[in-house]
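Trainee: I have a new structure open and would like to go through it. Can we start with the metal?
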Amino acid sequence: MLKEKMEKALNEQINKELFSSYLYLSMSAYSQTLGLPGVASWMKIQAQEELTHANKFFDYIHERNGKVTLTAIDAVDNEFGSVTNMFKKVLEHEQFVSESINKLVDISIELSDHATRSMLMWFVDEQVEEEASVQDILDQLAMVDAKGHGLFMIDKDLSTRTFVDNTQAK
Ligand SMILES: [Fe+2]
Ligand SMILES: [Fe+2]
């Protein structure tokens, strides 16, 4: 059985993952207005991935006989400036989520909830990958000054991303 403090924090994380999905969906729409279909597709897959994260917490709470409580999802911005600016916001958001996951780990340790701590390790690793992949894109954008042929190629490259539900790996 999940302790109340842990259950509450995990429910809050479901909301954060759903907000993340909503944010990236909005960024996908905005990318279309920038004429970057590859980025738009990348963002849409990013949004799908966040849904799988929310689901992983959702299923875990039930597995531990806890109660899922869904609350209102905050509105998101609909304008994000330049493509570089938008990816900077993605990185900032992922850093915020990493912090949030770290706090969940802290709570699991405080409560000696080793099962939850073990489940959270998947997210700790996932956040390292998420931050690294976004940093990669930012580096590439900087290399080509986020314009012209270079930007065209980055957009083409990002269009090749496919959706994989890696929460099913373990
Ligand atoms: Fe996530
Ligand atoms: Fe994420």
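**The iron sites**

Mentor: The site of the iron ion (ligand 2) is irregular, with angles of 53 to 149° among its four donor atoms. Donors are N, O and S atoms within 2.8 Å of the metal (3.2 Å for Na, K and Ca), and water is not among the atoms, so sites may look incomplete. Four donors count as tetrahedral if all angles lie between 85 and 135 degrees; four count as square planar and six as octahedral if opposite donors are over 155 degrees apart and all others between 65 and 115; anything else is irregular.

Trainee: What kind of model is this, and how is it numbered?

Mentor: It is a predicted model, where local features need pLDDT of at least 70, side-chain atom pairs count only at pLDDT 80 or more, and totals for chains, interfaces and linings use all residues. Residues are numbered from 1 along each chain as its sequence is written, chains are lettered from A and ligands numbered from 1 in the order in which they are written, and side-chain values use heavy atoms, with hydrogens and water left out.

Trainee: Which residues coordinate the iron ion (ligand 2)?

Mentor: Glu50 (OE), Glu94 (OE), Glu94 (OE) and Glu130 (OE) do, at 2.0 to 2.5 Å. Along the chain their spacing is E-x43-E-x35-E. Glu50 is in helix H2 (residues 37-63) and Glu130 in helix H4 (residues 114-143), 80 residues apart, so to speak a link between distant parts of the chain.

Trainee: And which protein donors does the iron ion (ligand 1) have?

Mentor: Glu17 (OE), Glu50 (OE) and His53 (ND1), lying 2.1 Å from the ion. Glu50 bridges the two iron ions, ligand 1 and ligand 2, which lie 3.3 Å apart. Glu17 sits in helix H1 (residues 4-33) and His53 in helix H2, 36 residues apart.

Trainee: Are Glu17 and His53 buried or exposed?

Mentor: Both are buried, meaning under 20% relative accessible area, where exposed is over 50% and partly exposed is in between (1.4 Å probe, protein chains only). Glu50 and Glu130 are buried too.

Trainee: Changing topic, how many helices and strands are there?

Mentor: The protein has five helices and zero strands. Helices (H or I, at least four residues) and strands (E, at least two) are DSSP runs, numbered from the N terminus.

Trainee: What is the radius of gyration?

Mentor: It is 17 Å, close to the 15 Å that the globule rule gives for 170 residues, so the protein is as compact as a globular protein of that length. The radius is taken over C-alpha atoms, and the rule is 2.2 Å times the number of residues to the power 0.38.
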